[in-house]
Each structure stands twice: as C-alpha cells, then as structure tokens.
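Please open the model in your viewer and keep the sequence panel beside it. The tour below goes from one selection to the next and says what is found at each stop.

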Amino acid sequence: MENQNWVVNVERVLEPVLPTFIEMRWKDLEKLRSGIEFSDYHSLKKLSHRLLGTPGSFGYHYIVELAREMDSAIERKDKLTLNQIAYKYENFMNTHQVKIKK
Amino acid sequence: MNNDILVIEDNGEMQDLLRLLLEQEGYHIISAATAGEGIAILRTRPEVILILLDLTLPDMKSDEFLSAVKTERILENTPIMFFSAVPRLKQMKLPQGVVGVIQKPFKIPDFIKTIGEFRTAPTTMRQNLFTKKSHEKRVG
C-alpha cells in the first residue's frame, strides 16, 4: 500500500478549483483524526458521507473507497480500522499525482 | 430562455462543484442549503426549470419536501432530479414529479450530458411531470 503510485485523472473543467479541493481533503484528514480521538462517530459519519460525494467526481476514487470503509468501521465503532484508514488516507494524499485530462 | 436551476444541497463543496459545472453550461444556479430554504426560494421564484434535490438534507426528507411543494401548489410543473450518495439510488422507485436520479459520486461528463439532454428535451417532456414520467434519467 505504501509504495503504490497513485495517479488521479482530473477533468480539465475542475483544474481551477483543484487547489481548494486538495486543501479541503487535508482538512478532512484533520477531522478524521479528531473524530477518532474524541470518538465522535456522528461527525465521522458526516465526514464519510461527504467523502462519498465530491472526491469521486474529481477522480479521487480511492478516497471514495476509504469513505466506504469508514462507514463500515463507524458502524462497528472500530477505532483500529479507522486509524488504519486515516493512515492510508494520509499516505495517499502525500503520494498521489494529478494528471489533468486533455 | 429561462435557465434557472435550484440546487438544494447542504454540502457547500458539492454546491460549489455543481455551480461551476452548470454555469459553464450556461445555467443560472440558485442555491439552498436546506429544504426549507429551497421552498422559500420557490415561493418567490417558481420559474426555475429544474430542481436538483439532495436526498439527505438536515431538515426534511424528500417525500416531505415533495408533499410541501405540492400542498402549496408552488411546483406543479417543475421537474426534480434526486441526487445522493445513498446506495442503490438508481433502483429507487421515483415519485411523481421526479424525472431522474444522479448517483454520487457522478462522472463529470455523464452529469453534463444528462443536464444537456434535459435542456434540449421537448418542452412537453419537461412539463407536467407530476402526472407524466416521460423523461427519466439515471446517472451514476
């Protein structure tokens, strides 16, 4: 997982708003960590729901996949899995590359 | 030609995305963060050509929204599209007045194509949709 080369293909129409989108995803990582730390499953549920929406349209399908894993872990109040998801999310954010579609 | 679309969505980021995409296609977007706000807008601006309604709003369920606008008779001819990350949205039985569903996450080209098809559909297909379901679209 750590060595995977993530390439995200983003529609050209979204290029102007991509920096804001990425900034939002980093803020979501903070919210994820905070939700886990304080066992705030309500906030985590809202976060996972949001991550099921916009990121997929930007081509960030791995985040959608993680959001689905989150949903399931939240139901079980499974902090270990949630921490693993936070780790995978951060790793993805740090390593992914963006390609703008022609 | 009126090009107003009402987007009822509590996620600000999704609102911004829809605004960006739809304005590039020549639509004018009116945004509401709650169903109540959407109804209030419709009371003063009933001429919108389409309503994009998120299914998981904080203040009202979709059936309550539909019931409210029907009771007030402010939306007899305005089609609605549901959009949501709720699983299996495409299998959902659509109530009268709802012309299609957009499953989140949606692909940008598919979304633009669907809205474009909606715009170019004959007026008769876009009107009286509380009694006809002649232009259902399912995306996602």
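Begin by selecting helix H2 (residues 41–51) of chain A together with helix H4 (residues 61–76) of chain A, which pack at an angle of about 155 degrees with their axes 8 Å apart. Axes here are lines fitted to C-alpha atoms, for helices over the stretch in contact, and angles run from 0 to 180 degrees between N-to-C directions; helices (H or I, at least four residues) and strands (E, at least two) are DSSP runs, numbered from the N terminus. H2(A) and H4(A) are therefore roughly antiparallel to each other, a term that applies to angles over 145 degrees. H2(A) passes H4(A) in a left-handed crossing, that is, with the near helix turned anticlockwise from the far one by less than a right angle. On the H2(A) side, the contact (heavy atoms within 4.5 Å) is made by Tyr41(A), Leu44(A), Lys45(A), Leu47(A), Ser48(A) and Leu51(A), and on the H4(A) side by Ile63(A), Val64(A), Ala67(A), Met70(A), Asp71(A), Ile74(A) and Glu75(A).

A word on the model before moving on. It is a predicted one, in which local features need pLDDT of at least 70 and side-chain atom pairs count only at pLDDT 80 or more, while totals for chains, interfaces and linings use all residues. Residues are numbered from 1 along each chain as its sequence is written, chains are lettered from A and ligands numbered from 1 in the order in which they are written, and side-chain values use heavy atoms, with hydrogens and water left out.

Staying in chain A, select the two loop residues that have a positive phi without being glycine. Ser39(A), in the loop between helix H1 (18–37) and H2 of chain A, has a phi near 50 degrees and, at 34% relative accessibility, counts as partly exposed. Lys77(A), in the loop between H4 and helix H5 (79–95) of chain A, has a phi of about 50 degrees and is exposed, with a relative accessible area of 54%. On this scale, buried means under 20% relative accessible area, exposed over 50%, and partly exposed in between (1.4 Å probe, protein chains only).

Next, show strand E1 (residues 7–10) of chain A, whose covered face carries Val8(A) and Val10(A) and whose uncovered face carries Val7(A) and Asn9(A). E1(A) pairs in the parallel sense with strand E2 (residues 97–100) of chain A over four bridges, where pairing requires that DSSP finds at least two bridges between the strands. Val8(A) stands opposite Val98(A) in E2(A).

Now move to chain B and select strand E3 (residues 50–54): five of its five residues are buried, so E3(B) is largely enclosed by the rest of the structure. Leu50(B), Leu52(B) and Asp54(B) point one way from E3(B), and Ile51(B) and Leu53(B) the other way. Strand E1 (residues 4–8) of chain B pairs with E3(B) in the parallel sense over four bridges, and the bridge partner of Ile5(B) in E3(B) is Leu50(B). E3(B) also pairs in the parallel sense over four bridges with strand E4 (residues 80–84) of chain B, where Leu53(B) has Phe82(B) as its bridge partner.

From there, select Ser62(B) in helix H3 (residues 62–71) of chain B, which is buried at a relative accessible area of 16%. Leaving aside neighbours within four places in sequence, Ser62(B) is in contact with Leu53(B), Leu55(B) and Phe82(B).

Finish at Pro105(B), in the loop between strand E5 (98–103) and helix H4 (108–120) of chain B, where a cis peptide bond joins Lys104(B) and Pro105(B) with an omega of about -5 degrees.

Terms used:
Angles under 35 degrees count as roughly parallel, over 145 as roughly antiparallel, 65 to 115 as roughly perpendicular and the rest as oblique.
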